[in-house]
Amino acid sequence: MSAAAGTRIAWAVVLGLVLYAGVPYALAGNLYLMSMIVAALTIGGIALAWALLGNLGGLVSFGHAAFFGVGAYASALLVMKSGWPIAFAVVAGGVVAALSAVLVLPALRLRGPYFALAVLAYAHIFRIVATEWKGLTNGAGGLSNIPRFPVVAGYDFASKTGGYWIALSLVLAFVLVYWRVRESHYGTALRAMLHSEEATRAVGVNSTLLKAMMLFLSAFMTGVMGAFNAHYINFLEPDYAFSGLWTMLPIVAAIFGGYRTLFGPIVGAVVVYLVDQLVFKAVMPIGHQIVLGALLAAMILFSPGGLLPLLTRRPGRAQHA
Amino acid sequence: MTELVLGALWSGVLTGSSYALIALGLALVFGTMKVINLAHGDLVLLAAYVAYTCESALGVNPLLAIPVAIVVVCAAAVVTYALVSRIRRDRELNSLLLTYGIAVMLTNGALLLWKADIRSTKSPWLQDAIVFGPFYSMRSELLFFLVSIILMAGLWWWLTRTWAGRAVRAVSSNRDAARLMGIDPQRVELASFVVAGLLAAFAGVAVFSFGVIQPALGTSLTVKAFVITVLAGMGSVPGVLVGALLLGVTESLTTTFASSALQELAGMVLFLLVLFVLPNGLFGARRVGT
């Protein structure tokens with residue numbers, strides 16, 4: 001093992017200890033801040049899924065709230081109506097969200113901006129269906145008393161720290177999956193596809209299939225975050241589960257952090273969400289997201305690659321596209 | 001029964017004419033710049049709130065707010081253009097994200113200035129019923145139907161008979177060739193944004209004078225305008241008109257025979273059907289590529 005790899009592992013261990021033990025220990029007394037961080041991680045997970053679709057699939061989605069909501073409802077209903085264990089139901093929530101993405105497949109035939117808007121329209125459809133299909137979802141009344149995470153080995157995972165550990169583990173697992181996909185031969189094919197879709201097709205890569213797979217993976221991750229959130233806050237209603245915020249916040253977070261990096265979307269989510277909630281919401285109780293819209297516009301104009309690449313750019317080093 | 005159907009068709013045509021104004025603006029900008037302006041619905045909403053402010057603060061008829069709305073919305077459209085035109089890299093993707101950011105700012109700006117409450121006009125004159133047999137409508141609906149027809153005729157005249165309008169069509173069909181013919185594409189893009197803003201200003205005052213408005217409406221109008229352009233097929237102006245009427249009629253038939261809650265869903269189902277069956281739209285040239 002090289003010295004560089006050893007240093008890397010040492011850093012990973014330190015970071016892991018800080019994240020899993022340090023943060024909960026330091027914030028144990030501050031339940032409010034802890035719940036903010038859990039929410040930020042939830043958004044970070046969606047932001048990562050959104051960035052995966054954008055970075056690897058070359059597709060911009062304005063409708064990830066649809067997958068979030070579908071995952072949340074699927075998991076909550078499987079536990080409440082079919083008595084599934086929560087752990088299975090959360091994964092199933094992701095699977096159902098990925099299945100719901102099948103409906104979006106015809107939109108893959110549309111190029112660029114059309115896909116983005118078609119997904120926005122889908123998010124509208126899902127919200128209306130969840131509101132009107134009262135027999136299944138209890139309509140606008142919502143679902144309350146969704147079962148919480150259970151006590152495992154004497155530890156109550158329904159606590160704030162428990163929720164934090166679950167959210168953190170999910171997000172880190174997503175990072176691992178994202179990294180594996182990016183480094184696999186799928187990742188190579190996807191990169192080639194983004195440079196020239198025609199050329200990639202000519203050498204026998206099925207680009208539509210690849211895009212569809214990225215869409216399913218992204219929808220699955222988003223659905224799992226939705227399912228986690230449903231059991232974490234124990235309540236769902238269509239306007240909450242399918243709220244445009246679940247689309248907007250991850251987009252701002254991913255662009256702010258850098259959507260072509262692995263950790264950018266998550267760092268972006270934590271920074272953007274905490275600053276928005278703790279600073280701007282205090283100043284402007286409603287309409288404070290105007291700042292996030294301005295932030296998104298400013299990032300696109302001045303640093304579309306995000307903040308993380310901007311900070312880590314070393315002077316004198318050659319820039320690759 | 002026939003009366004109900006006729007009434008619903010009529011009301012769908014009236015709403016559809018305003019939808020057409022909104023969708024034409026979106027299509028015009030997409031034509032010249034290949035940019036979908038996700039803030040377009042919020043520009044319409046801005047005009048609606050200008051009309052609301054004029055009525056509630058100054059007590060004037062919303063119709064008289066149209067000039068103010070034009071100034072405000074065209075200014076906002078010019079700012080949007082100025083920002084979008086600064087994008088150099090990855091224009092297709094970045095312009096979507098940029099206009100999405102602008103849309104978020106406008107929606108939340110509306111929340112800050114006008115609160116989340118639902119607003120509608122207080123003018124009884126605008127809301128008076130005008131009835132011809134089975135064709136029931138409010139005066140405002142009828143007025144804006146006529147205004148829409150005049151505006152669309154004007155747009156058609158502009159696009160086919162004037163130098164600037166022809167330049168817009170030239171840039172839409174082939175930017176490089178248009179440049180070689182001595183057309184400045186940037187001026188044409190600006191013109192398309194201003195005309196889109198003008199149409200949005202009328203549509204916004206129309207939406208306020210016969211409907212209800214709230215900050216979240218902007219996104220829903222953007223989605224509707226997009227659905228119409230998909231129905232129409234890209235780059236087809238008559239297609240936009242037919243698509244808008246189709247959406248308006250579908251919505252009003254659903255309201256009459258099912259429930260108003262399903263109204264938006266019906267439009268979306270129509271959209272899905274077209275997407276699955278006719279991905280090029282009803283009138284589109286073959287544009288769907290790989």
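Okay, let's start where two helices of chain B meet: Lys224(B), Val227(B), Val230(B) and Leu231(B) from α10(B) are in contact with Gly267(B), Phe271(B), Val274(B) and Leu275(B) from α12(B). By contact I mean that the C-beta atoms, placed from the backbone, lie within 7 Å. Helices here are DSSP runs of H or I with at least four residues, numbered from the N terminus. Sorted by class, the residues of that contact are 6 nonpolar, 1 polar and 1 charged. Nonpolar covers Ala, Val, Leu, Ile, Met, Phe, Trp, Tyr, Cys and Pro; charged is Asp, Glu, Lys and Arg; the others, Gly among them, count as polar.

Quick caveat: this is a predicted model, where local features need pLDDT of at least 70 and side-chain atom pairs count only at pLDDT 80 or more, while totals for chains, interfaces and linings use all residues. Residues are numbered from 1 along each chain as its sequence is written, and chains are lettered from A and ligands numbered from 1 in the order in which they are written.

Back to our pair. Helix α10 of chain B runs 217–232 and helix α12 of chain B runs 263–277, and they pack at about 35° with axes 10 Å apart. Those axes are lines fitted to C-alpha atoms over the stretch in contact, with angles from 0 to 180 degrees between N-to-C directions.

Now, the two chains together. 37 residues of chain A are in contact with 37 residues of chain B. On the chain A side, the helices that each supply at least two residues include α5 (105–108), α10 (197–202) and α15 (290–302), and α6(A) gives the most, with 11 residues. That side has 25 nonpolar, 6 polar and 6 charged residues.

What about the inside? A nonpolar core is a set of buried Ala, Val, Leu, Ile, Met, Phe, Trp, Tyr and Cys residues joined through C-beta atoms within 7 Å. Buried means 20 or more other C-beta atoms within 10 Å of the residue's own. The largest core has 200 residues, of which Leu296(A), Ala47(B) and Val73(B) touch the most other members. Helix α2 of chain A, residues 31–55, gives the most to this core, with 15 residues. Beyond four places in sequence, the contacts of Ala47(B) include Ala69(B), Val73(B) and Gly204(B).

Last one: is Leu215(A) buried or exposed? Leu215(A) is buried, because 25 other C-beta atoms lie within 10 Å. Leu215(A) sits in helix α11 of chain A, residues 207–233. Its C-alpha atom is 8.9 Å from that of Val104(A), 111 residues apart along the chain.

Terms used: Buried ≥ 20, exposed ≤ 12 C-beta atoms within 10 Å, placed from the backbone.
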